[in-house]
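This report goes through the chains one by one and then turns to the places where they meet. The structure comes first.

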Amino acid sequence: MIELKIDNRTVEANEGETVLQAALRHGIEIPHFCYHPCLSIAGNCRICLVKVTGRPKLMPSCNLAVTPGMEIETDSDDVIAARQAVMQFITLNHPGECGICDKAGECRLQDYHVRYGEPESISLEPKNKKPKFYDISPRILLDSERCILCSRCVRFTKEVSGSHQLGIVERGNHSRLERLESQPMDDPYSDNIIGLCPVGALLSRDFLYQSRVWYLEPIRSVCTGCSRCCSVKVWRRNRHWHLRSLGEEMNRKVYRVTPQENREINGPWICNKGFDLHKFMGRKRLLQPMIGGSVATVDEALSEAKKLLAAAKSPAALVSAHASNEELAAFKETLGSRMTVYSREDYKAEEGEVVEDNILIRENKNPNSHGVHAMFGDLPWSVDSGHDLVLVWGDNVDYTPMGNAKVIHLASFEMPQERHADVLIPISTTFERSGSFTNFEGKVNRFTKVFDKPGLVQQAGDVFGRLGA
Amino acid sequence: MKKDYWNKPEMGLWERLYIFEVVRGLCITGGVFFGNMWKWLTFRKGALTAYYPEEIRSDYSPNNRGRHVLTRRENGEVQCVSCNMCATVCPAYAIEILSTANFDDHFHPKAPERFEIDYSRCIFCGFCVEACPEDAIRMVKEVPDFPTYDRNNLWATQDLLMNWRPTCNPAKIYPAAQKALEEVHP
Amino acid sequence: MIQDLVVYLAYMGYAIGFMLGIATLFTWVERKQSAIMADRIGANRCYIRIPFTNVKLVAWGLFHGIADGAKMLLKENFTPLTYDRFCFNLAPFLAAAPVLLVFSVIPFGGTLTPGQLLPQLHDFFGDRSYAMQVASLDAGILVVLSFSGIGILGTMLAGWSSNNKFSMLGAARAASQMISYEVSMGLALISLVVTYGTLDLNTMVQWQSGLLFGALPAWGIFTQPLAFILFLTAAIAENKRVPFDLPECESELVAGYFTEYSAMKMGLFMLSEFIEIVVVSALLVTMFLGGYNLPYLTDSGFIFPAGATWALPHLAVVLLQVGTFLVKVVLAGCFQILIRWSLPRFRYDQLMNFGWKFLMPLAALNLVVTACVRWWTI
């Protein structure tokens, strides 16, 4: 424990911490671009300069180890003057096109420019021209003019994802970010550098010009891509900014998915599959209850299912690994005792997908297998167990292995089938309900509802309640 | 305890008797009534209001700003870069913009695909014009002739905003830059 | 007997038609008069299109009353979730019915002898004659007072059963205001009774058919000017209209005691307000403005003070009297509307002070003076 003074406040810091870390931990704000808690310290942006009593020059706080009795000033006049000078330097060649930059609103450079920047450029030289809208990968665009060369993205590929695919080339004014291999970047964690970028240099092609960020609000949810169950922020349109003329469906759209920092599970990162979660959820939905392939009302479908359940001699249930713990508990309470319960994995790793690595991605591509196994065991389904009714819960189901058994199917997404299910009930997706998943380590991660479910779609828990009653 | 108000009226006996002042008030309003009624009965207009929209007043102020114009660049394309500043500043949430990317034009990679103003919400405050960094939206002195039976007709589309021909010059007359600077920093 | 039935049924039809018709007319007058007073145009968007043509009959907005009625009949009848269902439904009727009943004792014409109207009717009616009044009661004024007292019940029930704070406040205000002003109204009427020496409204009107000082008609407004002002003030307060509209003031209580009402139930409250204007006007006309009396008009024709006479047939006299009453009522109603659009609303303490500390003593004083004068002149 080391005691030091920051802005006349006595602060306790840990051994080996830097001044910036100690200050941030105690809620003292020191501006910074290149520093990131999960990356190595580069110390190249110089905006975090602070005054250390007894030393003649200002020191970069991100690279300054704490020592006992240190006295730091973070907002004296000379520190602010230095910050202003640094801002002038950083924005020397910055195009200043916040109006059309997707980062505007959550951009550090913009924030600090408001605080420390000059209203007008005092440079007489024309600004440097650099490549704009350069494809780093099919997912990411680079605008080199906006880049401030903080090297966060480079350090990310070196230290976190380990792909070493980015580097800074050329010198001086002409330095720019560049991929180091000739083929496009294929790092499975590449999208993290979009959020990592303190300015708008790295842009998501998917989110490009979709919306200004202040129209959106994040909802905490959980990625269903694998059994890691990473925490994510799902960005929907703020109620305040709902659109009317451009279409109501824009208000029910997920604009982007970004990582939600969760030290227990995923740290500040998620993989590209997580960034594509809204595309996974945006597939064609099942919206209409069906009986034997013909349209039915919810009540009809439920009573038909109830009839089938009552008539069945040996019913079986295939429980989805995409079901939340709460729904699993509801199922166990209402129907679990009447049926033989098998667990099923909705999705397997696809062709070309990273199956497993030692960063985040897990081999099991379903979020709640751990929860299902803990509650119902892990008996796998086999054709010849002689069941005459199968209640299938989950997506990506093929009815062929069910043989002649009657099928009651609860699914969220459409999937072409050889034959119709006897009863088909649409259920909500993860975005349309609240609940929790248990990840492969047994850690429970909660998610909250992002949208209301469409009218005829049911919550699986309610369906079981009505079937079991 | 009776509270005295700062604007407590000073009333003499005459006012306190109330009835006479009431009668005086009735005479005033009655006088107006009969005056206006006489005008109506002699086939003149006895009201200050207009039969909008059948009758449109002719004396709009020269400072009136009634309709929006989207300006164009020399090549005829819309000046707007779809930065959403107008939509954000709009106190009535009347502007909605859908953007597209056009990487061929390096100077204007972002452009509006749809730009719509809901005139049923617009309060004609002119904040959008103030907020626009590109001088892409202006308001002109034009009588807004919007009355309709369908509120969807009150959405002005980008096409309309760009192509309708105002009867007056939509250009803003800017004070010379030097003069403006002197005004700000004398 | 059958003749009596026919005549009284005709009277009742006339009374109901009179009140509803003029009340509907007043909704239009209120809109249009206030508009003209305020340099506006007023309601003019409602029209009837003549079928198969494009001619739109606007008629100065007269159809707005019909449109209002149609709208209120067709609107959804919203009711609050928690309310006393019986009282909630009863209240609008309790508010509207007594107002209608008051009119039964008001004479709207002189004596009708149906047999003399047309020669053909003489066989059927003979020489029977009837006072033009639905119910000729000796205690006419008492009936008026008691029925207007029942009206309070409707507003109180409405406010209480709506289970809404605004309604409750409105009802409380209405109750205290109506009871307070009823006192001065009663005192003003008693001084009238002392002057006329009767409680029967028809007798009062006949009393007023004479002349004062040879030329001035002996109307109540001339014999009892102070009572006229007191009665008018108290009646407007009873009617809960500006400047005494505290129970339903929009800026404080949404709509006061009938906030929770919708559709025709709300329409009944609105209609009863306008019917009440008609009734107050009718009472004013009956007691202070000579009723159906046209100056110098008697049952046989005009008799001018200079001695000239102009005999008229019975039919013309009846029509003149009925028409006079009608015109007087409409003018008195217009005067009430003029007041409503000229004066600002009282504060509640001012209202109570005005009622108890000013109107009531004045009415009592008026009564005492009247009684003394009456004592000395008899």
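Read from the N terminus, their order is α-α-β-α-β-β-α-β-β-α-α. The coordinates belong to a predicted model, and what follows should be read with that in mind.

Of the 186 residues in chain B, 33% are buried. Among the contacts in chain B with a separation of 6 or more, 68% join residues 24 or more positions apart. Chain B has an accessible surface of about 12,700 Å², and carbon and sulfur atoms account for 58% of that surface.

## Two positive phi angles in chain B

Ser82(B) sits in the loop that links strand 1 (67-70) to helix 3 (85-89) of chain B. Its phi is near 60°, a positive value in a residue that is not glycine. Is Ser82(B) buried or exposed? Ser82(B) has a relative accessibility of 0% and therefore counts as buried, the cut-off for that class being under 20%.

Tyr93(B) lies in the loop between helix 3 and strand 2 (95-101) of chain B. This tyrosine also is not a glycine, and its phi is positive at about 55°. With a relative accessible area of 28%, Tyr93(B) is partly exposed, since that class covers values between 20% and 50%.

## Chain C: elements and overall form

Chain C contains 14 helices and nine strands. Its radius of gyration is 22 Å, close to the 21 Å given by the globule rule for 378 residues, so chain C is as compact as a globular protein of that length. The C-alpha trace of chain C spans about 65 × 65 × 45 Å along its principal axes.

Buried residues account for 51% of the 378 residues in chain C. Of the contacts in chain C with a separation of 6 or more, 76% are between residues 24 or more positions apart.

## Chain C: surface and charge

Chain C carries 21 positive and 21 negative side chains. The centres of these two sets are 10 Å apart.

## Contact between chains A and B

Which chains share the most contacts? Two pairs of chains are in contact, and chains A and B share the most. Chain A contributes 19 residues to this contact and chain B contributes 23 residues.

About 2,000 Å² is buried between chain A and chain B, and carbon and sulfur atoms give 63% of that area. On the chain A side, Tyr209(A), Arg244(A) and Leu246(A) supply 33% of the area buried against chain B, more than any other three residues.

## Contact between chains C and B

Chain B is also in contact with chain C: 22 residues of chain B meet 18 residues of chain C. The two chains bury about 1,600 Å² between them, and 69% of this lies on carbon and sulfur atoms. The residues of chain C that lose the most area to chain B are Ile36(C), Asp39(C) and Ile41(C), together 36% of what that side buries.

## Chains A and C

Where do chain A and chain C stand relative to each other? Chain A and chain C do not touch, and their nearest C-alpha atoms are 26 Å apart. Chain B, by contrast, is in contact with chain A and with chain C.

Definitions and conventions
Residues numbered from 1 in each chain as written. Chains lettered and ligands numbered in written order. Predicted model: local features only at pLDDT ≥ 70, side-chain atom pairs only at ≥ 80, totals over all residues. Heavy atoms only, no water. Helix = DSSP H or I, 4+ residues; strand = E, 2+ residues; numbered from the N terminus. Rg over C-alpha atoms; globule rule 2.2 N^0.38 Å. Buried < 20%, exposed > 50% of the residue type's maximum accessible area, 1.4 Å probe, protein only. Contact = heavy atoms within 4.5 Å. Lys, Arg positive; Asp, Glu negative; His and termini not counted. Charge placed at Lys NZ, Arg CZ, Asp CG, Glu CD. Buried area = accessible area lost by both parts, 1.4 Å probe. Areas by Shrake-Rupley, 256 points an atom, 1.4 Å probe, with all protein chains shown as cover.
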